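Open the model in a viewer and keep the selection tool at hand. The stops below go from pocket to cavity to surface.

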Amino acid sequence: MTGDTPRVISASPEEFSRRAYDCKNIQAALEALHQDGFVVLKSVVDIEHVDAINKHMTIEADDIIQNNKKPFNHRVKSNILQAPPLTDPQYLHNDVFFNPFVIQLMNIYLGANPIWNFVTGNNALPRTEGLRQPVHKDVIFNHPNCPFYVIANIPLCPFNKTTGSTEFWLGSHAHTTGADQIPVDEKSELANATLVLGDPSADIKPEVLEARRQIRPPVQPICEKGDICLRDLRTWHAGMPNESDHYRIMLALGYQAQWYPNHTLRAKLPLSQGNFFMKHGSLPVEVRADLLSDESDFGKLNDTFSFKYSVE
């Protein structure tokens with residue numbers, strides 16, 4: 001397939017006024033999620049909010065890297081997890097944490113009153129030419145073969161090949177199972193995860209990868225500040241080199257279907273900002289979180305998570 005690109009949903013002025021898509025855009029977004037496992041929502045976040053968060057996280061990233069405070073993702077020294085600022089209200093905005101367009105679509109794709117229980121971020125480090133992650137899924141278990149979890153990524157800067165736009169394998173989610181992943185053995189390792197011998201690791205088997213490449217090769221989407229990308233958790237992807245001189249940071253918020261039996265995954269949030277988070281923008285979403293002292297290390301606490309069902 002040539003010229004393959006992710007589908008983009010652009011709201012009309014009337015939709016922005018209502019803070020909700022109409023039927024045509026709902027259908028387009030659902031077709032993209034079901035067929036591609038990925039869709040871009042165009043210009044749904046205030047750029048001033050994005051810039052303020054990016055400025056804060058850039059200063060924080062300097063400290064993290066200089067003092068070696070974080071492990072690298074997927075054994076590649078080009079990418080770290082980095083959660084957004086959560087304790088300072090100047091960085092807490094509903095269009096970021098409780099975006100009405102995102103939550104509208106999640107109520108349809110995942111079912112009524114989806115659960116928000118995951119918050120972190122992903123930072124592709126500058127000047128990392130030639131360093132890329134293996135193609136993987138963010139699941140290390142035999143997952144359901146239907147929609148059960150979605151990640152909303154919010155780019156804090158332009159997202160393109162030069163800045164290290166994530167590689168996505170569109171449509172890979174539709175028929176993939178745990179059998180596509182390399183089984184965990186004694187040599188397997190993955191930061192911030194507990195691996196079980198014989199279970200699927202995150203990485204896709206090389207022969208499966210090459211077979212899929214013949215059907216639909218991967219893409220690196222172009223996104224701008226203000227956009228939000230929605231990814232079905234089953235979709236294959238890989239962190240890519242950031243050839244620019246600046247951090248490429250994107251936030252990650254996770255939404256779980258109510259029927260899916262993971263009752264233990266909880267976002268770690270500051271008690272002082274509990275009113276903001278628990279009000280959830282007055283939108284139909286359940287916030288599943290632990291409210292902790294502001295002195296807690298939220299960046300570290302939110303780095304530890306598991307999407308696996310907690311009940312057999």
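Start at the second largest pocket of this predicted model, which holds about 500 Å³ of space. Select Glu60, Asp297, Phe298, Gly299 and Lys300: of the 22 residues that line the pocket, these lie nearest its centre. Then colour helix H3 (47–66) and helix H8 (298–301), the elements that give two or more residues to this lining. H3 gives the most, with four residues. By residue class, the lining of the second largest pocket divides into seven nonpolar, seven polar and eight charged.

To find the largest cavity, select its lining: Asn117, Phe118, Val119, Leu265, Arg266, Ala267, Lys268, Leu301, Asn302, Thr304 and Phe305. Which strands each supply at least two residues of this lining? They are strand S4 (115–124) and strand S12 (267–270). The largest share, three residues, comes from S4. Colouring the lining of the largest cavity by class gives six nonpolar residues, three polar and two charged.

Last, show the surface and select Leu271, Met278 and Leu291. Together they form a nonpolar patch there, with about 260 Å² of accessible area. Centre on Met278, which lies in helix H7 (residues 274–279). Is Met278 buried, partly exposed or exposed? Its relative accessible area is 38%, so Met278 counts as partly exposed.

Terms used. Residues numbered from 1 in each chain as written. Predicted model: local features only at pLDDT ≥ 70, side-chain atom pairs only at ≥ 80, totals over all residues. Heavy atoms only, no water. 1 Å grid on protein atoms, 1.4 Å probe; cavity = no way out; pocket = protein on both sides within 12 Å on 5 of 7 lines; lining within 4 Å. Nonpolar A, V, L, I, M, F, W, Y, C, P; charged D, E, K, R; others polar. Patch = residues over 30% accessible without salt bridge, like charges linked within 9 Å, V, L, I, M, F, W, Y side chains within 5 Å. Areas by Shrake-Rupley, 256 points an atom, 1.4 Å probe, with all protein chains shown as cover. Salt bridge = Lys/Arg side-chain N within 4 Å of Asp/Glu carboxyl O. Buried < 20%, exposed > 50% of the residue type's maximum accessible area, 1.4 Å probe, protein only. Points joined across faces, edges and corners; volume = space filled by probe spheres on them.
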